[in-house]
Amino acid sequence: MSRLLVLVNCAVQLLFTSDMCVVTANRPPAPVNVSVMHLRADSATVSWEIPEGDVIIGFSISQQRQEGHTQRFIREVNTTSRTCVLWDLDQETDYIIQVQSIGLYGESQASKRVHFRTLKKSDRFPSNSSNQDDPAVEGVDKSRQLQTGEMIIIVVVLLMWAAVIALFCRQYDIIKDNDSSSGKDKVKPSSLASTPEHCSGGLLRSKVHR
């Protein structure tokens, strides 16, 4: 009986070890060339590269203050992006980040630790051509364009409604004037027809008196 238990235990360990080896072999490699760009007082952009030949479905970023122990994790799947914008950072603060790739069979090992420091709020980020490639700047520009387009559409619709209302009021005044003028025309023939009758009656009476 003891030999049977030993054999079962060995078989389970072999199966578990083989599964772990398969999963580890299918995991994607760690990201390389991790860098931080477009530093600001409250945000920064992280970029990295993935070795070719592996299927990557997402990424995971660990963010931590250099002098603190609290970590923040950013995880996105179903994306092929190789950049990520870190928001809500504190000014003049040192941070440490690591990036992991997410594959079909799990996550890769963490990349090398990268250190960066945010700027002051008074510091202005230099305006150059690299700003145009920043996803944060592109998102802000797109939102501004959408807001401007929506405002133009609203103004055009209001002007069209104002024109329709003005045209309706004008047509209503014209119809009202036509109704009043037609009523006056109907009253005039009756007054004119009554006058000759009185005159002729007066003439007849004068002849009778004579």
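This is a predicted model: local features need pLDDT of at least 70, side-chain atom pairs count only at pLDDT 80 or more; totals for chains, interfaces and linings use all residues.
**Notebook: a surface patch and some salt bridges**

I found a nonpolar surface patch of about 510 Å², made by Ile153, Val157, Trp161, Val164 and Ile165. I looked up Trp161 on its own: it lies in helix α2, residues 135-209. Is Trp161 buried or exposed? Its relative accessible area is 55%, and the cut-off for exposed is over 50%, so Trp161 counts as exposed.

Next, charges. Side chains of opposite charge can pair when their charged atoms come close. I get four salt bridges in the structure, and I went through some of them.

Arg65 with Asp90: the closest N and O atoms are 1.7 Å apart. Arg65 sits in strand β3 (56-65) and Asp90 in the loop between β5 (83-86) and β6 (94-103), so this pair ties together parts 25 residues apart in sequence. Both ends came up partly exposed, Arg65 at 40% relative accessible area and Asp90 at 31%.

Arg75 with Glu107: here I noted 2.0 Å between the closest N and O atoms. The pair links distant parts of the chain, with Arg75 in strand β4 (71-77) and Glu107 in strand β7 (106-107), 32 residues apart. Glu107 is partly exposed, at 24% relative accessibility.

Arg117 with Asp94: their side chains meet in a salt bridge, 3.1 Å from N to O. What does this pair tie together? Arg117 is in strand β8 (114-117) and Asp94 in strand β6, so the bridge joins parts 23 residues apart in sequence.

Conventions: Residues are numbered from 1 along each chain as its sequence is written. Side-chain values use heavy atoms; hydrogens and water are left out. Patches are made of residues with over 30% relative accessible area and no salt bridge: like charges are joined within 9 Å, nonpolar side chains (Val, Leu, Ile, Met, Phe, Trp, Tyr) within 5 Å. Accessible areas come from the Shrake-Rupley method with a 1.4 Å probe; for residues, only the protein chains shown count as cover. Helices (H or I, at least four residues) and strands (E, at least two) are DSSP runs, numbered from the N terminus. Buried means under 20% relative accessible area, exposed over 50%, partly exposed in between (1.4 Å probe, protein chains only).
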